[in-house]
Amino acid sequence: MSDQCTKGTNWGVVSIDDKNLCIKYNQSNIIKLPLKKVVNSNTQKNDIVLQLSTDDYGENDDMLCEVRFYIPPQEQKLKQEKEKKKQENEENQNSMEEEDDGADEDAEPTFQQKLQNEILTKAKIGQSSADSILTIHDVPLIVPRGKYTMDFFTKDIRFHGNTYQFTTDYKGISRFFLLPMPDEINLSFVIGLEHPFKQGQTTYNFLVMQFKKEVENEIKLKYSRQKLDEIGWKGIKEEYSGPLYDIVCEVLSEITGIKVVSPKNFKSKNGLFCLRCSVGPHSGFLFPLEKSLIYLQKPVLHIKHEEIKEVVFQRIGSTNLNKFFDVKIIYKNQNQLFSGIERDELDNLTQYFQQKKIAVRKLQDEVPHLPLDDSDDEEDDDDSRSKKKNKTNIDPNNMDSDDDDDDFHAGEDEEDGSESEGSDEPESASKNKK
């Protein structure tokens, strides 16, 4: 601890050797990280984010998972200006060469990029595609979103994008799903991870690739048959050709020994393998599989049948006004609501859960029927019946004609009018007149 800074300073100078990354202030270490613990490094705006290994810790242990270093933009500019001045002082070339140098300087990486490259090199997490066994370019991912280059190495697979890059160990992959999307053009390939990775504040338990059925590719591995057998990839071919999704599925399934799961028996009223619904504000698709349910895409949810305690159907009252219903899945110590499923799918989904021997409960009293409505209806019926009886019991001989009614009402109106006009006369005068 003699060389440790204890002043509480949180800024300093970075130094990297073959084993450690240090930030120092006045020759004292503020922080010292062993590079063998760094499993990933990303750049985000003005930050360099280091992800640290947690393999040596238990589930309930406290651990350091991530470290962020902030590099002020002003400091980067000052360092770049100093480097430019040094280059200008050392230049003794003609004007054409100077113009070329100016173009090179504009394309020169920033201090942040240089530091990031040095970390990747020293920590041995930034191997180039030339060192990989197989490289697949422009793989479209929707979780996390972007186009990535996949590099297959002996122990792990690495994704390189324009902004982020991350690494996944083959042993850390738990499951594969190949899901046909309702547009019948795209296929989603889902990779389940035992150890999720982070990008900023977002944690990813699944990777989701989306391929077009018609896109085909030809891929050749960089290793010979003999080398592939030596590293244990005996089932891997030296060359692949065909749909890109088929190549990725076959390679990953052969390396990891995990089968790719696809929907089989369940189909919606429209002949699709999924149901359109929503989780919170985001709409997506629910795929009922043989042994589980999986929802794409925000967030990606996977629920095993063996974990489900009960399924509750909501908003399924007898009224025809409800065109949609909700499904609440109660599992473990939590529940998940899938809302906005079309009412036509109710019988299909009920049969699916019953075949899987999962308890189903239907809430049919979602639309209340107040007893006052029935009484009001009965009163209205009684009134209408009494009115009809009164009309039928009237003697037509005792009925006055319309002319008599008019004369009668007219006389009343005249009397009322005369009384109102002569209201100022004394009562005796009015009696004498009568």
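**Exercise 1.** Determine the order in which the 3 strands of the open sheet are arranged, and the sense of their pairing.

*Solution.* Step 1: the order is S1-S2-S3, and the strands pair in the antiparallel sense. Strands are DSSP runs of E with at least two residues, helices runs of H or I with at least four, numbered from the N terminus; two strands pair if DSSP finds at least two bridges between them. Step 2: strand S1 (13–16) and strand S3 (28–34) are the edge strands, each pairing on one side only. Step 3: S1 pairs with strand S2 (residues 20–25) over 4 bridges, and Lys24 in S2 is the bridge partner of Val13.

This is a predicted model, in which local features need pLDDT of at least 70 and side-chain atom pairs pLDDT 80 or more, whereas totals for chains, interfaces and linings use all residues. Residues are numbered from 1 along each chain as its sequence is written, and side-chain values use heavy atoms, without hydrogens and water.

**Exercise 2.** Identify the residues that lie nearest the centre of the second largest pocket, and the elements that line the pocket.

*Solution.* Step 1: a pocket is an open set of points on a 1 Å grid over the protein atoms alone, where a 1.4 Å probe fits, with protein on both sides within 12 Å along at least five of seven lines; lining residues have an atom within 4 Å of a point. Step 2: of the 22 lining residues, Gly12, Val13, Val14, Ile23 and Tyr70 lie nearest the centre. Step 3: S1, S3, strand S6 (66–70), helix H1 (73–90) and H3 each supply at least two lining residues.
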